[in-house]
Amino acid sequence: MNAWLPKNLNAGLLAIAALGLGAGLALNLAGLSGPATVLWAAGVMPVLAALLVEIVRSLAKGEVGLDIVAALSMSAALLVGETLAAAVVAVMYSGGTFLESFAEGRARREMSDLLSRVPRTATRYSNGALEEVSLNAIAPGDLLLIRQGDVASVDGTVESDRAVLDQSALTGESMPVRLDRGQDVMSGSTNAGDAFDLRATRRAAESTYAGIVRLVEAAQASKAPMARLADRWSLIFLAVTIALSAAAWWTTGDPIRAVAVLVVATPCPLILAVPVALVAGMSRAARFGVLIKGAKPLEALARIRTLILDKTGTLTEGRPQLVSIQTLGDMTEDEVLYFAAALDQASKHPIAQAVVAAARQHDAILPVPENVVEMPGQGVSGTIGGRKVVVGGARFVASQIGLADTDSAVVAAGSVVVSLAVDGRIMGHLVMADALREGTAGLLAGLRRLGVARILLATGDRRAVAEAVTDGLGLDAVRAELTPDQKVLLVLTERKNGPVMMVGDGVNDAPALAAADIGVAMGARGAAASAEAADVVLLVDSLDRLLSGIEVARQSRRIALESVAVGIGLSVAGMIAAALGYLTPVQGAILQEVIDVAVILNALRALRIVPRQAAQSAEGL
């Protein structure tokens, strides 16, 4: 189709062809057949000229498409005096370019929405005043004002007491989320509440949304293997069309039948259905928080047979969480957590921050610690409400209160114990671990229902830790203590069983992600969003989005194949009918346009795909 032509030129060609057809029909009804023939031909010539230019451009690039059939049908119709048929073909063809443009525009809707929401400026605090600045002028540490309805232009943290954000365009989550002071804000989120202050943590070019935009632009420029295969099928269809047209003319001596065959074959569902369905699938996946880099990865995603998972940050949350509390004195579990978290507010250590986060999840109101002394990597001592408190490793706490050692909680491999002493007495232990993501077992069961035959864990962590984390998940294999090179070797070995998908953090696992048929990066944070190694990025830090992505990919591919099969079948049937004399050239042109419209509308069904997981979530609301 005329993809290289500007939209306004396409509109002009359609207008000329339609005007020539309409005016010619009016003159013909008035008994002026001669002038009508001239007008019909005049309406055809500009469309034919533009088509010939496109064919030359395509041939120069080594591409042979079915536009040749359109040029042959219009030329042949003019040569044999079927100017009305040529005029109908010209209108149908130029109208088809608009139809295809509309379909692709609809197919790219969700991805285009992502691009259209890119903010151009931001409001920054400067010397006690507000100023509008370009995104390139924002530096980490700048304080920005995000007004109601504004889109966060950079990644940052909430500096106000609270913020209410709509992340639906990025994650597919329909409900706004509430963030408290200090929590992370993902660029591209829309302020759905009162204005709040945002402390920038990254430059705009390094932020999440910029990475997403780069991925969307790359996806829109891609071409799938199925689309390239359709191009090759087009050559076969072209040969069949010409052979059938020549045979009809040779056996009957009637050139009109040959023209009718050519007209029915103009254009072809092969060049319409595949790109529309696959681009619609990419767009639909983005709606559910799965950004696929192109049509090729989408097609590969539909054929995945083996899944290899990294552990830290993929199968697990990637950060320490409170697993259990053991009390030793007269305090309750809540009191142990309260004192430990109150003092740990003074530390930036990840485990200390995890303790504080656990207390806040219990709605604890924490006092400000006093007389704080921190031993980096060991623990913290200080005063909470007039009581002497020590938090940290068991040996550190024991040494601070004058004990030779202290009893520690018995924990599984991969866990860490945080001890608490209050007023010189051990009051309890908090067990911290990088916990398994919630719903992991259900996720793996869902993947197996989708046809993923093998699921493996590949981690550089110790075997005892890996086995403890995956106990009861029913994985086909656990590979521990692997170097990056060994992960790559594992991916290559598993490819003998079928296409392999590797899921990791997009940075540390880059070699394995690149080696897999599909590399998936968890979350779209900053530079990770544009990691070259990943073919798919989960915009939400949630592994269950894989289910939605695979379902959308498989249904989109099936819709594309259905559209091709039905469209080609109807086209061939119409060509045979034309060759046998049952269709005139004008009837053939109208029939082919009906087929093309049906094929495109069917391909657009991919925009209405609702994965089972999303449907279940909607039912639960």
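Reader: Over how many bridges do β3 and β9 pair?
Author: β3 and β9 run antiparallel to each other. Strands are DSSP runs of E with at least two residues, helices are runs of H or I with at least four, and both are numbered from the N terminus. Two strands count as paired if DSSP finds at least two bridges between them. For β3 and β9, the number of bridges is four.

Reader: Which pLDDT must side-chain atom pairs reach in this predicted model?
Author: Residues are numbered from 1 along each chain as its sequence is written, and side-chain values use heavy atoms, with hydrogens and water left out. The model is predicted: local features need pLDDT of at least 70, totals for chains, interfaces and linings use all residues, and side-chain atom pairs count only at pLDDT 80 or more.

Reader: Which residue of β9 stands opposite I146?
Author: β3 covers residues 143-146. β9 covers residues 196-200. I146 faces a residue of β9, and that residue is F196.

Reader: Which strands stand at the edges of the sheet?
Author: Six strands form an open, antiparallel sheet in the order β2-β1-β3-β9-β4-β7. Each edge strand has a single partner, so one of its sides is left without a neighbour in the sheet. The edge strands are β2 and β7.

Reader: Which residue takes a positive phi in the hairpin of β1 and β2?
Author: β1 (121-126) and β2 (129-134) pair antiparallel over six bridges. S126 has A129 as its bridge partner in β2. Two residues lie between the strands, and the one with a positive phi near 55° is N127.

Reader: How many salt bridges are counted?
Author: A salt bridge needs a side-chain nitrogen of Lys or Arg within 4 Å of a carboxyl oxygen of Asp or Glu. With this rule, the count of salt bridges is 15.

Reader: Is D155 buried or exposed?
Author: D155 forms a salt bridge with R202, at 2.9 Å from N to O. D155 sits in the loop between β3 and β4, and R202 in the loop between β9 and α7, 47 residues apart. Buried means under 20% relative accessible area, exposed over 50%, and partly exposed in between (1.4 Å probe, protein chains only). R202, at 28%, is partly exposed, while D155, at 2%, is buried.

Reader: Which residue does R199 meet in a salt bridge?
Author: R199 and its partner are 3.7 Å apart, N to O, and the partner is E159. The pair links distant parts of the chain, 40 residues apart: R199 lies in strand β9, and its partner in the loop between β4 and β5. R199 is partly exposed at 28%. Also partly exposed, at 27%, is E159.

Reader: How many residues apart in sequence are the parts that D517 and R495 tie together?
Author: The side chains of D517 and R495 meet in a salt bridge of 3.1 Å, N to O. D517 is in the loop between α19 and β21, and R495 in the loop between α18 and β20, so parts of the chain are tied together whose separation in residues is 22.

Reader: Which residues do salt bridges that share partners join into one network?
Author: D517, at 27%, is partly exposed, and so is R495, at 37%. In the network, salt bridges share partners. Its members are R124, E131 and D142.

Reader: Within what arc do the buried residues of α18 fall?
Author: K487, V488, L490, V491 and E494 are buried in α18 (484-494). They line one face of the helix, because, seen down its axis, they fall within an arc (of the directions from the axis to the C-beta atoms) of 160°.

Reader: Which residues are exposed on the other side of α18?
Author: The buried residues of α18 are covered by elements including β11, β18, β19, β20 and α19. On the other side, the exposed residues are D485 and L489.

Reader: How much accessible area does the nonpolar patch with V572 have?
Author: V572 lies in helix α20 (545-579) and is partly exposed at 31%. Patches take residues with over 30% relative accessible area and no salt bridge, joining like charges within 9 Å and nonpolar side chains (Val, Leu, Ile, Met, Phe, Trp, Tyr) within 5 Å. Areas come from the Shrake-Rupley method with a 1.4 Å probe, and for residues only the protein chains shown count as cover. V572, I576, L580 and Y582 together have about 410 Å².

Reader: What share of the residues in the protein is buried?
Author: The protein has 22 helices and 22 strands. Of its 621 residues, the buried share is 50%.

Methods: Contact means heavy atoms within 4.5 Å.
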